[in-house]
Amino acid sequence: MSFDHTLLLREQHLIEASAGTGKTHLITTLYLRLILGRGTPEGIAHRVQNILVVTFTIAATQELKNRIRSRIKLAHDAFKQGASEDAEISGLIAGSAHPEQDLEYLKRALLWFDEAKIFTIHGFCARVIQDTSFEAGLLFEQRLDAHPHDALTRAAQDVFRNLMSGLPPLEEALALSLWPTPDVLASAMAPLIRVPQLHFSPAPATTGFPSNLPAQMRAAKEAWIAEDITALLRRSDIRKNSKAWHRLAEMEKFCQNDILAPDQVLWHLWTTSALKTQMKKGFEPPIHPLFDALEVIQTALARQGQVISWLWQTNLEALRAHLIAQQTQGALTLDDLLTIVMHAVIEQPLLAKTLSQDYPAILVDEFQDTDQQQYAIFKGIHQAASPDHLLMLIGDPKQAIYSFRGADIHTYLKAKDDSEHQHSLQTNWRSSAELVAATNRLFDQHQLFSMENRIAFLPSLANAKPNPDALTLAGQPAPPIWFCIDDPEFALRTQPQDRARLAAKCADEIASWLKPDASLRVNHSQIRAEQIALLTRNRLEAELLKAALQQRGVDSVFLSQDKVLEQDVTVELALILNAVLTPRHRPAVLSALSTQLLQTPLQKLQALLQDTQALNRAFETFTDYQRIWRGRGIAALILHLIKDQNLAQRWLSQAGGPRVLTNLRHLAELLQQQSQITSSREQLIAWLIQDHQQDTQSVEDTQQLRLETDADLVKIMTLHGAKGLEFDIVCLPFAHFGKPPANAANKPLVCYQANQAGTIEAWVNLDGRDDLKQAAVVAQQEEDMR
């Protein structure tokens, strides 16, 4: 591992750690040095309560906590024995001036490790708010709403009502064309809420349209009809292939209604200047006062882009104000935690200094996945301290692939510039020597990951010795990276045809690898399905691969980041639970029995409509279910339902059945947990069916879909879901880059561009500015390469 373990642990450091280079091992080593006082100013041995470690997910936090605890235990035992096979621990023992005291430090760390400060960023911010409500200016009693979409929806509803009641008619019409409902407003603003200091293009207007413009527009529409302008234009020498000719009937109809529609292109087609360009060669345009009036209207409407920009800016500020108001009332979302702590750290020096005293050493893992707010928190705490305090940022910019979650690669690069010390881990401890060499050869190219080459590929050193038997083809060493181009003529196809072809090609290859007599081997052994992973961009590609493999008799599973609460079985279970709540309500019971989940035969359902006794028996069954729910809880009810309705036997015999049963048992666990904090059964059902899909910032590990079987299956997963996992064989059937980013009117792109001073600025590209569009395309291509 190319890292100097004698360096002083002070000031700001940034460590670039590529995949497989021992990042977690380094963190545990740094932690050991901190608790033993090795490299710390004045040799201070830090307590675990004073070392802050932050990582990205709940699962990563738990894994890191376990790894650190295990390493401390290993070091403790090694210090007792006076020797260790662990190179770093052996070095700590050899360099110990007081082994007995170091042993006491390690013992103290193990004794108090349950109080170790190892968090996700949201967990850390929640702790700060809990411990420093007074300093942060918050209520002492806070409630955390883990669903930021709900808070944004409430704010959007208030802003929408105020927007529609307070705008002049033309501005209101533009706003409604952009955001016809509060939900559309919330969805459009969601990507912008967390981006500080946004710039808008074009520059927002300072005032709206002229106050007399609506009256001028109405007068023009009335004049068009009253003076039969359509007939006048049809008698003129307008070119028959021009818009001014083809859209006359549309303008006639438009002028017969009361809608002003300032964004309607029809206002621009028959101005005096526009008509001059629409005439046959050598002919003059018709003359009428209305055409001059339309010219005046067109000039006033030319400010429309700036007015739209003003609407975006105004409503974004209003939404932020509403969300802040919700914070002061004690209702916080996960995003609020970051915003509050960031402002508190920046604006209240005493709080920042207190936190810096509490945490003289801060280690941030997966730093490439952070954003401006998160970096501002860590930087603010560190800057409030003396230079002797430590801020250690560990990440890999080549793994920065979460921009859709708000991660900002420019924040990483800014932190790199800010760091007094920069390091890199160069030895790959995970991959074969052959794969390391091939990867170095493939990616060690100039400007591959960024146009300015600020994200450089650093070639790795292989720890493993060459192993020509790792992957063999017909008994001979096989190259570790293959490119398959089976269409050398590049025949033109539609995108669906191309995807289907690539999926079929990949499935054919995998099916051939899995045959007993296959020539491709791993360590001279037949390849198993579970050794293979297929990486895709989205669900559509995953489903294509799954179907293609199934056609060839190869079983596979799609490992997604989806949540079980978004699956169809959730809605059906809610119908069943509603019937359990009202077991003698005929429509509710019949709806439950009609679900795909219970699979009640059609003949039985028809009998219930005609046979009162059969219906009463169904009522009694659901009454029994209600007793179980009340007496033993929701999980017991669902497990009893699976047994009583024979769901396991029914579903396991069907394609996709194991997934349904896994989801159902998973829902039983989640509902049991939620029932502990929900006051009524009705509210529990409401929670089950609420809109969880928008809560992209709060995808809890407990809610993600589980693997339905441990069988020998080919694993299909998205590129984002595969990050951090290991497989012997990895295939990218759709390796081509995706579509360029689209700039929709109600969902504009956020682009990043350097100003003249070199500072990166965030822009909302409302007018399709070419330089911003190109910046967005380049950013997308760079992330695709990563």
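Colleague: Is Q368 buried or exposed in this predicted model?
Modeller: This is a predicted model. Q368 sits in the loop between β7 (361-364) and α19 (372-383). Its relative accessibility is 1%. The cut-off for buried is under 20%, so Q368 counts as buried.

Colleague: Which side chain makes a polar contact with the side chain of Q368?
Modeller: Take the loop residue Q368, between β7 (361-364) and α19 (372-383). A polar contact needs N or O atoms within 3.5 Å. The side chain of Q368 has such a contact at 2.6 Å, and the partner is the side chain of E366.

Colleague: Why does the end-to-end distance of helix α1 agree with its length?
Modeller: Helix α1 covers residues 23-36, which makes 14 residues. The expected span is 1.5 Å times one less than that number. That gives 20 Å, and the end C-alpha atoms are therefore in agreement, at 20 Å apart.

Colleague: How many of the 14 residues of α1 are buried?
Modeller: Helix α1 is mostly covered. The buried residues include K23, R33 and Y31, along with L26, I27 and L36.

Colleague: Which residue just after α1 takes a positive phi?
Modeller: Helix α1 runs over residues 23-36. Just after it comes a phi of about 75°. The residue is G37.

Colleague: How many aromatic pairs does the structure hold, and how is the pair of F119 and F124 arranged?
Modeller: The structure holds ten aromatic pairs. For F119 and F124, the centres are 6.4 Å apart and the planes make 40°. Both F119 and F124 are buried. The arrangement is tilted.

Colleague: Why is the pair of W224 and W270 edge-to-face?
Modeller: The ring centres of W224 and W270 are 5.2 Å apart. Planes over 60 degrees apart count as edge-to-face. The planes here are at 65°, so the pair is edge-to-face.

Colleague: How many residues apart in sequence are the parts that W224 and W270 tie together?
Modeller: W224 lies in helix α10 (residues 213-226). W270 lies in the loop between α13 (248-255) and α14 (272-276). W224 is buried at 1% relative accessibility, and W270 is buried at 0%. The separation is 46 residues.

Colleague: Which residue forms one aromatic cluster with F119 and F124?
Modeller: F119 and F124 already make a tilted pair. One aromatic cluster holds F119, F124 and a further ring. That ring belongs to Y359.

Colleague: Where do R67 and E63 lie?
Modeller: R67 and E63 form a salt bridge, with the closest N and O atoms 3.9 Å apart. R67 is partly exposed at 37%, and E63 is partly exposed at 47%. They are four residues apart, about one turn. An α-helix has 3.6 residues a turn, so residues three or four places apart point the same way. Both lie in helix α2 (residues 58-81).

Colleague: What is the N to O distance in the salt bridge of E530 and R528?
Modeller: The model has 25 salt bridges, including this one between side chains of E530 and R528. E530 is partly exposed at 32%, and R528 is partly exposed at 40%. The distance is 3.1 Å.

Colleague: With which residue does R769 form a salt bridge?
Modeller: R769 is partly exposed, at 26% relative accessible area. The closest N and O atoms of its salt bridge are 2.8 Å apart. The partner is D771.

Colleague: Which residues form a nonpolar patch on the surface?
Modeller: L719 sits in the loop between β18 (714-718) and β19 (729-731). L719 is partly exposed at 33%. The patch has about 230 Å² of accessible area together. Its residues are L719, V730 and L732.

Technical notes:
Residues are numbered from 1 along each chain as its sequence is written. This is a predicted model: local features need pLDDT of at least 70, side-chain atom pairs count only at pLDDT 80 or more; totals for chains, interfaces and linings use all residues. Side-chain values use heavy atoms; hydrogens and water are left out. Helices (H or I, at least four residues) and strands (E, at least two) are DSSP runs, numbered from the N terminus. Buried means under 20% relative accessible area, exposed over 50%, partly exposed in between (1.4 Å probe, protein chains only). Patches are made of residues with over 30% relative accessible area and no salt bridge: like charges are joined within 9 Å, nonpolar side chains (Val, Leu, Ile, Met, Phe, Trp, Tyr) within 5 Å. Accessible areas come from the Shrake-Rupley method with a 1.4 Å probe; for residues, only the protein chains shown count as cover. A salt bridge is a side-chain nitrogen of Lys or Arg within 4 Å of a carboxyl oxygen of Asp or Glu. A polar contact is a pair of N or O atoms within 3.5 Å; within protein, one must be able to donate a hydrogen and the other to accept it, and residues adjacent in sequence count only if both atoms are side-chain atoms. Rings of Phe, Tyr and Trp (its six-membered ring) pair if their centres lie within 6.5 Å; planes under 30 degrees apart count as stacked, over 60 as edge-to-face and the rest as tilted.
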